[in-house]
Amino acid sequence: MPPTPPAAPAPSPTGEAPAAPVLTKEAEPAPPRVVPVRRTGQWAAAAVVLLLLAMAVNSVVRNEAFQWGVVAEYFTTPAVLRGLGLTLWLTALVMALGFVLGTLLAVARMSANPVLKSVSWGYIWFFRSTPVLVQLLFWINIGALYPQLGLGIPFGPEFLTVKTVNLLGPLTVALIGLTLHEAAYAAEVVRGGLLSVDRGQTEAAQSLGLGRWRRLRRIVLPQAMRAIVPPAGNMLIGTLKGTSIVSVIAVQDLLHSVQLVYHRTYQVIPLLLVATLWYALVTTVLTAGQHYVERYYGRSERDR
């Protein structure tokens with residue numbers, strides 16, 4: 001026998017349709033409360049670090065042996081500022097010439113020509129294997145090997161000769177030695193940046209009929225700058241500090257200038273602090289500049 005269908009609801013006395021039955025649903029349980037993890041160890045370590053930092057700053061500020069009054073007295077003296085100017089000039093020129101030569105070496109290293117590739121590799125190997133101080137001392141004594149340099153026909157007569165001691169002074173030696181040294185590192189920085197560019201970009205430019213140098217200048221280098229700028233910025237800061245080594249060949253850079261002063265006044269610590277503060281100040285400015293250059297070349301990556 002088929003089941004009896006449910007009876008229809010009785011009509012309302014007013015003739016309106018009866019209201020639908022309200023279905024009740026069980027109350028859902030409240031979500032569990034999330035309690036953050038108590039990082040007691042991290043806060044304790046941070047407190048210890050801050051305490052040690054405060055003790056170190058207090059010892060530096062209140063220690064009379066630092067002679068902060070002498071530091072303030074010599075911080076902007078003409079001799080120190082001249083040394084600072086020479087340091088900045090040498091840094092800028094070495095970086096510019098080093099990256100020009102390094103770019104040529106990087107392109108030669110990536111060339112299909114085995115001679116250019118081998119010569120570039122040998123140059124990079126040699127100058128990265130030799131300490132820069134040894135290179136500077138070698139260049140300052142180059143007159144012992146070549147007392148004079150000449151210009152003329154190869155293996156033939158010379159039309160112009162000049163004594164090496166008159167041609168290569170301490171500043172010229174510092175410029176040559178640091179440039180040749182930095183070019184070896186700049187070559188690897190540029191080569192790494194070029195290799196970071198997708199090969200498809202080069203093939204697409206080649207299919208459009210662009211020449212090799214135009215592809216390099218218009219397509220490859222702008223994209224490679226994202227990988228070149230960070231290590232190049234580190235190289236710039238390293239070169240700034242590395243110029244202090246030219247003081248051993250009597251180039252009056254920042255360090256040599258303060259050395260001349262403390263050899264006369266015997267105030268070694270405060271004069272070294274003068275040089276340290278200037279190096280730190282210039283490095284801070286360069287670091288800020290590097291940050292904005294990186295943001296400029298990395299803007300396309302952030303927009304993705």
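Over residues 120-142 the chain is 83% helix and 0% strand, with the end C-alpha atoms 23 Å apart. Helices (H or I, at least four residues) and strands (E, at least two) are DSSP runs, numbered from the N terminus. This is a predicted model, in which local features need pLDDT of at least 70 and side-chain atom pairs count only at pLDDT 80 or more, while totals for chains, interfaces and linings use all residues. Residues are numbered from 1 along each chain as its sequence is written, and side-chain values use heavy atoms, with hydrogens and water left out.

**Annotated stretches**
- An unreviewed UniProt entry lists residues 43-61, 81-108, 120-142 and 268-289 as "transmembrane region"; such annotations may be inferred rather than shown by experiment.
- Residues 81-108 are 100% helix and 0% strand, and their end C-alpha atoms lie 40 Å apart.

**Helices α3 and α4**
- The axes (lines fitted to C-alpha atoms over the stretch in contact) of α3, residues 78-109, and α4, residues 114-129, come within 7 Å and cross at roughly 130°.
- Contact (heavy atoms within 4.5 Å) involves L101, L105, A108 and R109 of α3 and L116, K117, S120, W121, Y123 and I124 of α4.

**Whole chain**
- The chain has twelve helices and two strands.
- Of its 304 residues, 30% count as buried (under 20% relative accessible area, 1.4 Å probe).

Notes
Axes fitted to C-alpha atoms, helices over the stretch in contact; angles between N-to-C directions. Buried < 20%, exposed > 50% of the residue type's maximum accessible area, 1.4 Å probe, protein only.
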